[in-house]
Amino acid sequence: MAEIKQGRLFIVSTPIGNLSDITFHAVETLKNVDIIACEDTRNTKILCEKYDIKTPLESYHKFSESEKSIRFINCLKAGKNVALVSDAGTPLISDPGVKLVQEARFSGIKVVPIVGASAIMALLASIPRQSEDFKFIGFLPRVKSQIENLLKANAAENLVFYESANRLISTLKTIAQTQKDRKIAIGRELTKKFEEIKI
């Protein structure tokens, strides 16, 4: 009896706003895998309908990571190819997927990145900086004292982070109180109709 060849896990970057910001490689991959594991099937369905992608969608989010990782690893071991996408941008970058990739690597399954749009790169490419160095820290903590400690510990770094629109004003006040001379750039709705970048 022939040994079953393991499938591959594709980590596919999707648009961060404008649905046209997807690579041909990403579309081709999403059309040819057996399953698309997505953060929210409703969001991914919109992308799939635009590009006539008929691949079955299954949810994979932070509340189902452990359970669904087992299911997808079993599919991969059975020879099926799986694509992991998040709602926008690249999985594992402040989005679910770490557990699935960890399990895949542990099981000897090939993990293939399919690059694409990035909110981080879109912002950095739009603002002047004194150096190329930057440090991405994901989402800021919610507690003010933790934000203050984080800023103090990284006083000399070009920090890049995500922040909720609801907390942005209070975060800016915290930054102003902690580091008065720090220059700030803010990007919102990047690649969308109402994109704004403020320096």
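Here is a walk through the sheet of this predicted model and the helices around it.

**The sheet**

Let's start with the strands. There are five, forming an open sheet in the order S3-S2-S4-S1-S5, with parallel pairing. At the edges sit strand S3 (57-59) and strand S5 (111-114), each of which pairs on one side only. From one strand to the next, the twist averages 25°.

Strands of a sheet pair through backbone hydrogen bonds, and that can be parallel or antiparallel. Here is how some of the pairs look in this model:

| Strand pair | Sense | Bridges |
|---|---|---|
| S1 and S4 | parallel | three bridges |
| S2 and S4 | parallel | four bridges |
| S2 and S3 | parallel | three bridges |

To put residues on that: Leu9 stands opposite Val82 in S4.

What about the side chains of S2? In a regular strand, side chains alternate between the two faces of the sheet. In S2, Ile35 and Ala37 point one way while Ile36 and Cys38 point the other way, and all are buried.

**Helices on the sheet**

Helix H2 (residues 41-50) lies across strand S2 (35-38), S3 and S4, and runs at about 155° to S3. Helix H4 (residues 98-106) packs on the sheet too, where it touches S1, S4 and S5; its direction makes about 150° with that of S1.

**A closer look at H3**

Helix H3 covers residues 65-77, so to speak 13 residues. From its first C-alpha to its last, H3 reaches 18 Å, close to the 18 Å expected at 1.5 Å a residue.

Which residues of H3 are buried? They are Glu65, Lys68, Ser69, Phe72, Ile73, Cys75 and Leu76. Look down the axis of H3 and these buried residues fall within an arc of 155°, so they line one face of the helix. On the other side of H3, you'll find Glu67 and Ile70 exposed.

And what covers the buried residues of H3? The cover includes strands S1, S2, S3 and S4, along with helix H4. Just after H3 comes Gly79, which takes a positive phi of about 100°.

Notes
Residues are numbered from 1 along each chain as its sequence is written. This is a predicted model: local features need pLDDT of at least 70, side-chain atom pairs count only at pLDDT 80 or more; totals for chains, interfaces and linings use all residues. Side-chain values use heavy atoms; hydrogens and water are left out. Two strands pair if DSSP finds at least two bridges between them. Helices (H or I, at least four residues) and strands (E, at least two) are DSSP runs, numbered from the N terminus. Axes are lines fitted to C-alpha atoms, for helices over the stretch in contact, and angles run from 0 to 180 degrees between N-to-C directions. Contact means heavy atoms within 4.5 Å. The expected span of a helix is 1.5 Å times one less than its number of residues. Buried means under 20% relative accessible area, exposed over 50%, partly exposed in between (1.4 Å probe, protein chains only). The arc is that of the directions from the helix axis to the C-beta atoms.
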